[in-house]
Amino acid sequence: MTNLTGRSAIVTGGFSGMGFAIATALAKAGANVAVGSYVAPPQAGRVDAAYYPGAEEIERVRSALAVHGTKVHAAHLDVRDSALIDRFMAEAQAAIGPADILVNAAGTTAEQPVCGHSDELWDKIVDTNLTGAFRTTRAVLPGMIERGWGRIVNIGSTAASVGWKDNPAYCASKAGLLGLTRCVALEGAAHGVTCVMISPTWVETELMRRNVAQVVEREGKGRSVEDAMDEFRKGNPQGRMMQPEEIAALAVFLCSDLAKGITMENIQITGGALW
């Protein structure tokens, strides 16, 4: 059992999906955890597939993590806003201590071809998935280097190395995130700071379900979202969908002292699938 007692972790996109699974696993391992997600009321006409929790989710997430007995902070976070990031980081430090661990799990996508991406949509996806991770890393990296210990885990995707039709901004952002991961790893290597990207195939989350719903809508073949999800399961060599807890288990290990030699890597969790 990985023991992270006394460590403090920040998880972006931590209210749902892989982010919440990772935050939960970190808390179970003894880490104090600060989670942030973009909190917004329901809004018609959103083009991207992201899940946007409501304000009531803050207390639910805080309570769910607190049962593991560590310090917890949960709040709204927009990784596209540097001022808001700085405020969140200051509040997190006051609540759980200086960040030893950063997990960049905030992300979004949209099922659109190249010409279906407006500037606004392209910028939103890249700003969230890539530049957002840069901003949060920039906020915590100096302290990690100064203290001589740090773990940064970026949640990537097989999209970093394999193209997927109608997801150009998403694929570009994840490829860019891999480049950022490698640069941060080299910068932190001499100071006890590692940086690794975990790149899963399809993972059964709300974001995936919403993305598949967009695929079904664009195809217009009359099949259901569940039918499409089942096709993805059958298309995996293991005949199943990866689960958030699998990504969380790896992330927790990468945040431990046992993983101090693992850095600059892109670790895929695919069940044998190429995508």
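Colleague: Which residue in β2 does Thr12 stand opposite?
Modeller: Strands are DSSP runs of E with at least two residues, while helices are runs of H or I with at least four, both numbered from the N terminus. Two strands pair if DSSP finds at least two bridges between them. Opposite Thr12, the residue of β2 is Gly36.

Colleague: What pLDDT do local features need in this model?
Modeller: Residues are numbered from 1 along each chain as its sequence is written, and side-chain values use heavy atoms, leaving out hydrogens and water. The model is predicted: side-chain atom pairs count only at pLDDT 80 or more, totals for chains, interfaces and linings use all residues, and local features need pLDDT of at least 70.

Colleague: How many bridges join β1 to β2?
Modeller: β1 spans residues 8–12 and β2 spans residues 32–37, and the two run parallel. One of the partnered residues is Ser8, which has Asn32 as its bridge partner in β2. The number of bridges joining these strands is 5.

Colleague: Which strands stand at the edges of the sheet, and why is one side of each left without a neighbour?
Modeller: The sheet is open and has 7 strands with parallel pairing, in the order β3-β2-β1-β4-β5-β6-β7. An edge strand has a single partner strand, so one side of each is left without a neighbour in the sheet. The strands in question are β3 (72–76) and β7 (266–269).

Colleague: By how many degrees are neighbouring strands of this sheet turned against each other on average?
Modeller: Axes are lines fitted to C-alpha atoms, for helices over the stretch in contact, and angles between N-to-C directions run from 0 to 180 degrees. For neighbouring strands of this sheet, with direction ignored, the average is 15°.

Colleague: Which helix packs on the sheet and touches β1, β4, β5 and β6?
Modeller: Touching, or contact, means heavy atoms within 4.5 Å. The helix covers residues 119–147, and its direction makes about 170° with that of β4 (101–104). Its name is α4.

Colleague: Is Ser8 buried or exposed?
Modeller: Buried means under 20% relative accessible area, exposed over 50% and partly exposed in between, using a 1.4 Å probe and protein chains only. Leaving aside neighbours within four places in sequence, Ser8 is in contact with Asn32, Ile96, Gly97, Pro98, Ala99, Asp100 and Ile101. With a relative accessible area of 2%, Ser8 is buried.

Colleague: Why is β5 largely enclosed by the rest of the structure?
Modeller: From β5, Gly150, Ile152 and Asn154 point one way and Arg151, Val153 and Ile155 the other. β5 also pairs with β4 in the parallel sense over 4 bridges. It counts as largely enclosed because its buried residues number 6 of the 6.

Colleague: How many disulfides does the count come to?
Modeller: A disulfide is a covalent bond between the sulfur atoms of two cysteines; here the rule is a pair of cysteine sulfur atoms within 2.5 Å. For Cys171 the nearest cysteine sulfur, that of Cys115, is 16 Å away, and for Cys183 the nearest, that of Cys195, is 9.6 Å away. The count of disulfides is 0.

Colleague: How far is the backbone oxygen of Tyr170 from a polar atom of the side chain of Ser173?
Modeller: Ser173 lies in helix α5 (residues 168–188) and counts as buried because its relative accessibility is 0%. Beyond its neighbours within four places in sequence, Ser173 is in contact with Ile125, Val126, Asn129 and Leu130. The distance to the backbone oxygen of Tyr170 is 2.7 Å.

Colleague: In which loop is Asp166 found?
Modeller: Asp166 is a residue other than glycine with a positive phi, near 70°. With a relative accessible area of 14%, Asp166 is buried. Its loop is the one between β5 and α5.

Terms used:
A polar contact is a pair of N or O atoms within 3.5 Å; within protein, one must be able to donate a hydrogen and the other to accept it, and residues adjacent in sequence count only if both atoms are side-chain atoms.
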